[in-house]
Each structure stands twice: as C-alpha cells, then as structure tokens.
Amino acid sequence: MSMPRKVPVLLHVKENVQYARDCQNRQECLKAIRLILDGEATSEQLHYFHDHLDYCMPCIENYNLEVTIRQLLCDRLERKAVSADVINSIRSKITEIA
Ligand SMILES: [Zn+2]
C-alpha cells in the first residue's frame, strides 16, 4: 500500500522561534523521519512529528538533509528518463532515415 511519491519540500527555519538544540531521541527520530518521507509512517508518528519538527533543530536539520538526498535522487531519475526519451527519438529518426 504505497502512496504515490511526491518530492518532499524543505522545512523553513523561522527567525523568531527558539528551537531546541538537542533532541532526546535523535536516532528514533531519524528513523521516523525516513518513514515519513517514504510515506510509511503511522498516523501517530505523523502527528508527533508534525509538532516535533516545529521546534527540534537537530530533527529539522535531519529532515532537510533527508529531503535534499531524495530531491537529488529524483532529479537523477528524471534526468535519466529524459535522456532515455532523447535516445529513443534519435533512434527512431535514424530508422526513418535508413
Ligand atoms: Zn528531535
């Protein structure tokens, strides 16, 4: 039951907010962040993180890092798809000529 993947967006760090510098649960949080980004988090996890990512700086940074990695991967896949199209259109042009 996987949902269609959307490219996630970076969280904005607001200037007038006091963020927590330490996370009590960094490793667990990171696991949950990955589940969220993979669309596999439970609604409890989503609910907890919705609040948590409002103030926990280490987790915001981890989240944004994970988002950046996924954006880069998506970018690569798209570019691959484009180049496959280009190759196909060149190939069909060659067949037309031949
Ligand atoms: Zn945290």
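Modeller: Happy to; we can start with the overall fold and then go into details.

Modeller: This is a predicted model, so to speak of local features we need pLDDT of at least 70, side-chain atom pairs count only at pLDDT 80 or more, and totals for chains, interfaces and linings use all residues. Residues are numbered from 1 along each chain as its sequence is written.

Colleague: Great. How many helices and strands are there in the protein chain?

Modeller: The protein chain has three helices and zero strands, where helices (H or I, at least four residues) and strands (E, at least two) are DSSP runs numbered from the N terminus.

Colleague: And is the chain compact or spread out?

Modeller: The radius of gyration, taken over C-alpha atoms, is 20 Å, well over the 13 Å that the globule rule gives for 98 residues, so the chain is more spread out than a compact globule. That rule is 2.2 Å times the number of residues to the power 0.38. Along the principal axes, the C-alpha atoms fill a box of roughly 65 × 35 × 20 Å.

Colleague: What share of the residues count as buried?

Modeller: Of the 98 residues, 7% do. A residue is buried if 20 or more other C-beta atoms, placed from the backbone, lie within 10 Å of its own, exposed if 12 or fewer, and partly exposed in between.

Colleague: Which residues make up the largest nonpolar core?

Modeller: Seven residues: Cys29, Ala32, Ile33, Cys56, Cys59, Ile60 and Tyr63. Helices α1 and α3 (57-97) each supply at least two residues of this core. A nonpolar core here is a set of buried Ala, Val, Leu, Ile, Met, Phe, Trp, Tyr and Cys residues joined through C-beta atoms within 7 Å.

Colleague: Let's look at α1. Which of its residues are buried?

Modeller: Cys29, Ala32 and Ile33. Seen down the axis of α1, they fall within an arc of 105 degrees, so they line one face of the helix; the arc is that of the directions from the helix axis to the C-beta atoms. On the other side of α1, Gln27 and Glu28 are exposed.

Colleague: What follows α1?

Modeller: Gly39, with a positive phi near 75 degrees.

Colleague: Switching topic: where is Arg70, and what does it touch?

Modeller: Arg70 sits in helix α3 and is partly exposed, with 16 other C-beta atoms within 10 Å. Leaving out residues up to four places away in sequence, Arg70 touches Val7, Pro8 and Leu37, contact meaning C-beta atoms within 7 Å, placed from the backbone.

Methods:
Contact = placed C-beta atoms within 7 Å.
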